[in-house]
Amino acid sequence: MAVKVVAQGTGILLVTANVGSLFEDPENLQKLWLREFYQTVHTHKPHFIALHCQEVGGKNYEASMSHVDLFVKELLSSDAMKEYNRARVYLDENYKSLEHFTALGCCYFLHESLKNIHQFDFKAKKYKKVTGKEIYSDTLESTPMLEKEKFPQDYFPGCKWSRKGFIRTRWSVADCAFDLVNIHLFHDASNLIAWETSPSVYSGTRQKAMGYVLDRISDQRFEKVPHFLFGDFNFRLDSKLVVEILCSSATMQTVQAADTNEVDKLIFREVDNDRKVVLQLEKKLFDYINQDVFRENNGIQHLEYDRELSVFKDRLHELQISFPPSYPYSEDSSQGKKYMNTRCPAWCDRILMSYSAKDLILKPENDEKAVVYDNIGPNVCMGDHKPVFLSFRIAAGAGKRCQLGEKILRETTL
């Protein structure tokens, strides 16, 4: 796979993937996942690859960390990646540290033709040349090449401290500096609670955490540079509005738990047609009669209910979504397009950027495929989340627009 850094710019591939499912069924799912990932690399032939993973190790991470090590070893040694002769892998595997563990993983691969690339040392406040392949795990807090934070405990719904936080790295590629942020935000704990209000209480929690990250990566400790945030944001459709549309001609029945008298199930039935059940809603059940509404035309008709990012429209940009909701897909390795009936399908996995980062992206007039924002493995099982990628090229001279050319050279330690 010959790749050359040519006049049209440096090829970048950003990928976000919640990989929790892979470690539940490593024999089947990992092989499918890696095949599709390698195919994406082969198709777009990037010079620089950033793979941001969430839920590394899965739900039973203590038992699955050996699978994680094999997964990373495969990535680093595979024939498909042999032209990427430098790599940095950062795995948060320290699951015994409740106050620090995020289960995030960041993998960066550099093509052999890429000559001028450096990574920022946040402690020394200098850029360092990247050579060889290195893996860091366990206590990432002491690694100066990144910043890692778990969200403060009072940010967590019900103060249950789960694996949510972010990792930030900073790179200089083609004389242009930018931050890459791996992020995992809070999920919807209950479909019933999410349905109660518009917007839901959960979206407010995510908004607070998102604001925290944006403030941290743009504070005064370091020089501000363009940034890309990609991870599992857990953004959901406005549940109350979606249910109103899906069940517009239905009547609602509530079912109460016998021991508490609290509503633990909602049943929506058609007025006619033998009172056919349209939707059943429970804490972890979203059983709609026709999943095709989320697959037809890639479900983009539901994007009007995807509103959580609008709060940050002055700070973040996203390219147009044209792929189906990325979650929750079936974890059956024989099913590639079927959603589980646990949650309302939503675009949880995203790639966002600052407006200064948007300006770095080269968009040739006659090449519509120069910039691609899509999912990976649309027809095969990739776990409960479909990975999402952004392929683009950094425009020639972009480093000047970063206004960092001379400064980077001064701060670089060769």
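1. Two strands are said to pair if DSSP finds at least two bridges between them, while helices (H or I, at least four residues) and strands (E, at least two) are DSSP runs numbered from the N terminus. Strands of a sheet pair through backbone hydrogen bonds, either parallel or antiparallel.

2. On the source of these values: this is a predicted model, in which local features need pLDDT of at least 70 and side-chain atom pairs count only at pLDDT 80 or more, whereas totals for chains, interfaces and linings use all residues. Residues are numbered from 1 along each chain as its sequence is written, and side-chain values use heavy atoms, with hydrogens and water left out.

3. S1 and S2 belong to an open sheet of 7 strands with mixed pairing, whose order is S7-S3-S4-S2-S1-S18-S17. Its edge strands, each pairing on one side only, are strand S7 (133–136) and strand S17 (372–375). From one strand to the next the twist averages 10 degrees, where axes are lines fitted to C-alpha atoms (for helices over the stretch in contact) and angles run from 0 to 180 degrees between N-to-C directions.

4. Helix H2 packs on this sheet, touching S2, strand S3 (86–91), strand S4 (105–110) and S7, and its direction makes about 165 degrees with that of S3. Contact here means heavy atoms within 4.5 Å.

5. How do the axes of helix H1 (residues 26–44) and helix H2 (residues 61–77) cross? They come within 12 Å and cross at roughly 25 degrees, which makes H1 roughly parallel to H2, given that angles under 35 degrees count as roughly parallel, over 145 as roughly antiparallel, 65 to 115 as roughly perpendicular and the rest as oblique. The crossing is right-handed, a term used if the near helix is turned clockwise from the far one by less than a right angle, left-handed being the anticlockwise case.

6. At this contact, Pro26, Gln30, Trp33, Leu34, Phe37 and Tyr38 in H1 meet His67, Phe71, Glu74 and Leu75 in H2. The residues involved divide into 7 nonpolar, 2 polar and 1 charged, with Ala, Val, Leu, Ile, Met, Phe, Trp, Tyr, Cys and Pro counted as nonpolar, Asp, Glu, Lys and Arg as charged, and the others, Gly among them, as polar.

7. Ser21 lies in the loop between S1 and H1, and it is buried, with a relative accessible area of 3%. Buried means under 20% relative accessible area, exposed over 50% and partly exposed in between (1.4 Å probe, protein chains only). Apart from neighbours within four places in sequence, Ser21 is in contact with Leu29, Glu331, Gly383 and Asp384.

8. There is also an open sheet of 4 strands, in the order S12-S13-S14-S15 and with antiparallel pairing. Strand S12 (250–256) and strand S15 (285–288) form its edges, each pairing on one side only, and neighbouring strands are turned by 15 degrees against each other on average, direction ignored.

9. Strand S13 (residues 263–270) pairs with strand S14 (residues 277–282) in the antiparallel sense over 4 bridges; Arg269 stands opposite Val277 in S14, and Ile267 opposite Gln280 in S14. The hairpin of S13 and S14 has 6 residues between the strands, and in it Asn273 takes a positive phi near 50 degrees.

10. S14 and S15 run antiparallel and are joined by 4 bridges, with Glu282 opposite Leu285 in S15. The hairpin from S14 to S15 passes through 2 residues.

11. Helix H5 (residues 239–246) packs on the sheet of 4 strands, where it touches S13, S14 and S15, its direction making about 25 degrees with that of S15. Ser239, Leu241, Val242, Val243 and Leu246 of H5 are buried, and what covers the buried residues of H5 includes helix H3 (191–196) as well as S13, S14 and S15.

12. Asp238 is placed in the loop between strand S11 (227–232) and H5, and is buried, with a relative accessible area of 10%. Not counting residues up to four places away in sequence, Asp238 touches Ser198, Pro199 and Tyr305.
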